Amino acid sequence: MKVLAIDTTNYVLGIALVDEGNVIGEYITNLKKNHSVRAMPAIDRLLSDCDVTPQQLDKIVVATGPGSYTGVRIGVSIAKTMAWSLKIPIVGVSSLEVLAANGRYFNGFISPIFDARRGQVYTGLYQYANGGLVTIKNDQNLLLADWLKILEDKKERVLFVGNDVVIHKETIVSTLGDMGEFGQVTLNNPRPSELGLIGLTKEASDVHSLVPNYIRLAEAEAKWLEQQK
């Protein structure tokens, strides 16, 4: 089964081609550039380099958020359009779950981090068990201070991964001490190959009902709803 994985939820643009559990090709950049003009050319280039046509794809897997509102929409829109036009299944995967997959060899909890500003983060809690990634606490948006209190009460080692961890490292260390651990810089970029492998085992969604998972409303939307009350 040939799977195309697409992740545009944050600064990292990730495209991968997975075939029967083997990673055939992978494209990753971590740049402050517009995914809307780079994602499709990256997909075209990767498929071309791997001698695969869109018609040979069997499934599309896309990171559905949380992350940048615009970035999430770009990836989901491309994935839905491709799945619909090619008449193949589509699977949505949490972008935090994709990042957590980088902690495959860590013996403890894994907390992927996306900065959400104003002292808040997008995060969840994961752990590898029996060779698979298990969700311990669902993805959420909350104050980092509140999240660290939850983790402190668990009294377990926690690996923090993500390019935004550096923003909060001092706070994490001051609260968790040695119980908070940090991955090498190579673990901070979400891997589209991991996204593809995760999507292999998940059930497909209806292409029309698959939507981004922002977790929280954009500030403009939240203000508009408040004004309507």
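1. A salt bridge is a side-chain nitrogen of Lys or Arg within 4 Å of a carboxyl oxygen of Asp or Glu. Glu-194 and Arg-104 form such a bridge through their side chains, at 2.6 Å from N to O. The pair joins distant parts of the chain, 90 residues apart: Glu-194 belongs to helix α6, and Arg-104 to the loop between α3 and β6 (109-117). Helices (H or I, at least four residues) and strands (E, at least two) are DSSP runs, numbered from the N terminus.

2. The structure is a predicted model, in which local features need pLDDT of at least 70, side-chain atom pairs count only at pLDDT 80 or more, and totals for chains, interfaces and linings use all residues. Residues are numbered from 1 along each chain as its sequence is written, and side-chain values use heavy atoms, with hydrogens and water left out.

3. Glu-194 is buried, at 13% relative accessible area, whereas Arg-104 is partly exposed, at 30%. Here buried means under 20% relative accessible area, exposed over 50%, and partly exposed in between (1.4 Å probe, protein chains only).

4. The whole structure contains seven salt bridges. In one of them, Glu-97 pairs with Lys-202, with the closest N and O atoms 3.7 Å apart. This pair also links distant parts of the chain: Glu-97 lies in helix α3 (residues 95-100) and Lys-202 in the loop between α6 (192-200) and α7 (219-228), 105 residues apart. Glu-97 is buried, with 12% relative accessibility, while Lys-202 is partly exposed, at 30%.

5. Overall, the protein has seven helices and ten strands. Buried residues account for 45% of its 229 residues.
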